[in-house]
Structures are given as structure tokens and as C-alpha cells.
Amino acid sequence: MHVLLLTTAYKNKFNPVNSLFFYDQAKALLNNGCKVGVICPMPITFNNILKSKRFVFSDEFYDDDKIKTYVRPFLSIPKLKKRTAKIRFEEGKFLFKKYIIENGKPDVIHVHTFLAGEIALWIKDKYNIPFVVTEHSSGFARGIYNQRQLQLAKQVFTNSECNIAVSEPFCSLLEEKTNEHFKYIPNVVDTNFFTLPSKKSNATNFTFLNVGHLDKKKNQLGLIKAFKKSFFGQNSYQLKIVGDGSERKNLLDFVRDEKLELQVHLVGKKNRNEVKFEMQQADCFVLSSYYETFGVVLIEAMSCGLPVLSTKSEGPESIIKNSMLGTLCDLKDLDKEMLKIVKSNYNSDYIRKYIVDNFSEKIISKQLISIYSKIIKNR
């Protein structure tokens with residue numbers, strides 16, 4: 001079975017850790033018997049360019065552990081959405097034509113987010129190749145899409161052979177907004193990479209960990225305020241925040257102004273190995289987002305045996321199913337739940353087994369391959 005993933009974001013030279021969950025799904029399918037490719041016409045903003053200090057756009061065509069990968073970056077100007085969509089469509093057509101010349105036609109296209117769906121509609125019309133869609137975007141909940149984008153979403157979901165969303169509440173939201181049926185299949189985690197620590201440091205500190213883009217949606221400021229309320233001046237309690245983004249300066253200023261430098265540490269962006277190490281050495285992972293369609297970092301941390309504490313932000317409700325895994329809470333109660341969790345005992349082996357049984361490569365790829373097989377059989 002030949003599956004081609006069509007994405008709007010992927011790891012690239014400007015950002016090597018961008019949207020790694022797409023790569024994880026591609027690898028899961030490959031490891032379970034599929035021939036797999038990825039094409040991504042990749043919008044790059046001026047901020048991406050400045051942060052990476054890369055000023056030349058070049059195609060990235062490579063064989064990534066047998067995943068045929070075609071990434072073509074292009075300059076994106078955030079306020080010119082129509083321009084971005086037009087370029088994405090034209091570059092996507094170019095990448096697909098190049099891909100099939102070199103690798104043959106796929107049996108099925110798997111589109112990740114409807115914004116890439118215009119390319120899939122063109123492929124279906126011109127080459128008669130069916131597609132499925134997994135929707136990830138929190139934009140539906142935040143109401144950021146204009147009428148043209150919503151019309152495209154409706155067209156894509158109507159013409160898809162199967163619509164997938166990555167959490168149960170997100171399925172309900174999308175069904176309400178589109179009148180189309182959505183099937184719940186979560187994101188995958190590489191449980192062979194995110195593992196229990198072979199040795200944990202003997203530190204006497206209790207460390208809370210947050211990993212994510214530093215922006216208002218992820219609400220790291222609310223997390224720091226909750227931590228301060230419960231643990232200010234108690235240096236045996238630490239909060240470590242991994243990531244970079246537009247809120248970094250505001251967060252650093254708050255930490256300095258509130259005299260939290262000895263307890264709250266913004267350590268910047270880390271590569272995947274470094275993120276795994278931080279997860280393996282922490283005591284609890286905390287997610288403070290206002291809204292998440294899923295929460296990949298939660299299952300990565302849990303695969304390392306960490307208990308998790310998350311705000312009730314939709315996606316995490318499909319992950320944290322019982323109190324032996326961690327806690328879900330309202331944002332206003334985050335400080336109180338942080339206090340409770342330091343006094344609780346969790347079984348790391350149980351937490352990891354739950355992830356292996358529900359979110360590992362074998363489990364998720366089996367569900368996806370079943371969908372692909374039915375589509376191919378019925379053609």
C-alpha cells in the first residue's frame with residue numbers, strides 16, 4: 001500500500017523540530033508495511049528566516065529512513081492569506097508531479113489540515129486518487145478562518161473519503177461546524193524514542209516541566225502565576241519551560257519582576273533528544289493551554305512515565321482518562337492542583353503502558369491502514 005502524506009508544515013532547514021508528529025505518523029505507517037511519502041509546500045515567515053539566520057530558499061528532497069520527502073519552502077506574509085494559499089496550491093501541484101514521476105502514484109493521499117486540501121481536490125480530479133483528511137487546526141475553535149477558507153474546508157471535508165480529528169471533543173466541534181462526520185484517531189507517539197529513563201537524577205527538587213511554543217494560546221504566563229502562588233520562595237520546587245516564541249520577553253520580564261529567577265527557568269528551544277532528557281528528569285508535566293486540539297507533548301511525556309497536569313482545554317480530555325495518569329483542571333485551579341500533585345504517588349510503568357496500549361505506532365497505524373484498505377477495496 002502506497003500512502004502519500006500531504007501537509008502544510010514539516011521539519012525543515014528553517015525549523016528542524018517543526019510539526020514532528022507528521023514525521024512520527026509517516027514513520028509509523030512505514031514501520032507497519034506501507035510505502036510512504038511526504039510532500040509539503042512549506043510557508044516560511046520573516047520571523048522563521050531571522051531566527052534561523054537562513055536567507056536562501058532551497059528545495060529539500062531526500063530519503064528520510066525510506067520516507068520519500070519533498071519539502072519546498074516559500075516566503076509567507078502572514079496578512080496575505082490569499083497569496084499564501086495560491087502559492088501553496090501551485091507549489092503543491094509541482095511537488096506532486098515530481099513525486100509521482102520518481103515514486104509512482106500513491107493509492108491514497110492523507111491530507112493533514114484542510115489548508116492543504118485544495119491540492120488533494122486537484123489530485124482527485126486529475127488523477128482519480130482518493131484522499132482522507134486529519135484535521136489538527138485549533139483555528140476552528142478560535143474562529144480565525146475567513147469565509148473563503150471555511151468554504152474550502154467544507155469542500156475538502158465533503159469530498160474526503162474519511163474525515164478524522166485528533167480528539168473526541170474536536171470531532172464534536174467539527175461536526176457541529178461542518179455537518180460532516182468525523183472519526184476520532186489520535187496522534188501517534190514514538191514509544192521507542194520516548195522511553196522511561198534508564199537513570200533519573202537524585203535531585204531533591206520537584207520539577208514541573210512545560211514544553212511548547214511560547215505564545216498566549218499556550219498560556220505559560222498563567223502557568224508561572226499559578227506556580228508562584230503555590231511555591232514562591234520554596235526553592236525545592238522548580239518550573240522549567242522549554243520553547244521559544246513571541247511571548248518569551250514578556251515571560252522573562254515577569255520572572256525577573258516577580259523575583260522568580262531561582263525557581264522558574266526559560267531554557268529556550270531544545271532538539272528532540274534534549275526534550276526527551278528533560279521529560280525523563282522531570283517529576284510532572286504541566287500543560288496550561290487555553291485550547292488544544294490534542295496535546296502531543298502530553299503523550300510524549302507520559303511515554304517517559306511522567307504524570308501530567310493539564311487545563312481542561314478539549315484535546316487533553318481524550319488523553320487523561322483516569323486519575324492514575326494525572327489531573328485535568330480548570331485554569332483557575334491550576335495552582336491548587338500543582339500543590340496536590342506533588343503529594344501524590346504515580347506509577348511510571350502504568351502511565352507508560354497506557355500510552356503504548358493507546359497511542360503507539362502499532363495501535364494508530366492499524367487504525368489508519370484499516371481505513372486506507374477499505375477505501376482502496378471499494379474503488
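**Entry 1**

I started at Val56, which is exposed, with a relative accessible area of 58%. The cut-off for exposed is over 50%, so Val56 gets that label. I note here that the model is predicted. Where does Val56 sit? I found Val56 in the loop between α2 (46–52) and β3 (60–64). Val56 makes a nonpolar surface patch with Leu50 and Phe55. I logged the area of that patch as about 360 Å².

**Entry 1: α4 and its two packing partners**

I turned to helix packing next. Two numbers describe such a pair: the angle between the axes and the distance between them. I took α3 (residues 81–103) against α4 (residues 117–127). Their axes lie 9 Å apart, at an angle of about 45°. That makes α3 oblique to α4.

Which hand does each crossing have? I have α3 and α4 down as right-handed. For α4 and α6 I wrote left-handed.

Salt bridges came next. Side chains of opposite charge can pair when their charged atoms come close. How many salt bridges does the count give? I get 23 salt bridges.

I went to the pair of Asp24 and Arg272. Their closest N and O atoms are 2.5 Å apart, and the two residues form a salt bridge. This pair links distant parts of the chain, 248 residues apart. Asp24 is in helix α1 (residues 20–31), and Arg272 is in helix α10 (residues 272–281).

Is Asp24 buried or exposed? I read a relative accessible area of 2%, so Asp24 is buried. Arg272 is at 16% relative accessibility and also counts as buried, because the limit is under 20%.

I checked Arg272 for another partner and found Glu300. The side chains of Glu300 and Arg272 meet in a salt bridge, at 3.7 Å from N to O. Glu300 lies in helix α11 (residues 296–303) and Arg272 in helix α10, so this bridge ties together parts 28 residues apart in sequence. Glu300 is buried, with 9% relative accessible area.

I also noted a network: Lys249, Asp253, Arg256 and Asp257 are joined into one by salt bridges that share partners.

**Entry 2: Glu180 with Lys154**

I looked up Glu180 and Lys154 as well. They form a salt bridge, with the closest N and O atoms 3.3 Å apart. The pair links distant parts of the chain, 26 residues apart. I placed Glu180 in the loop between α7 (168–178) and β8 (183–184), and Lys154 in helix α6 (residues 147–159).

Lys154 is at 35% and counts as partly exposed.

**Entry 3: positive phi**

Asn128 has a positive phi of about 60° although it is not a glycine. I found Asn128 in the loop between α4 and β6 (131–135). At 55% relative accessibility, Asn128 counts as exposed.

Glu314 was another entry. Phi of Glu314 is near 85°, again positive in a residue other than glycine. Glu314 counts as partly exposed, at 32% relative accessibility.

**Entry 4: Lys93**

Last, I looked at a lysine in α3. Lys93 lies in that helix. At 16% relative accessibility, Lys93 counts as buried. How far is Lys93 from Ser236, C-alpha to C-alpha? I read 55 Å for a pair 143 residues apart along the chain.

Methods. Residues numbered from 1 in each chain as written. Predicted model: local features only at pLDDT ≥ 70, side-chain atom pairs only at ≥ 80, totals over all residues. Heavy atoms only, no water. Patch = residues over 30% accessible without salt bridge, like charges linked within 9 Å, V, L, I, M, F, W, Y side chains within 5 Å. Areas by Shrake-Rupley, 256 points an atom, 1.4 Å probe, with all protein chains shown as cover. Salt bridge = Lys/Arg side-chain N within 4 Å of Asp/Glu carboxyl O. Helix = DSSP H or I, 4+ residues; strand = E, 2+ residues; numbered from the N terminus. Buried < 20%, exposed > 50% of the residue type's maximum accessible area, 1.4 Å probe, protein only. Axes fitted to C-alpha atoms, helices over the stretch in contact; angles between N-to-C directions. Parallel < 35°, antiparallel > 145°, perpendicular 65-115°, else oblique. Left-handed = near helix turned anticlockwise from the far one by under 90°.
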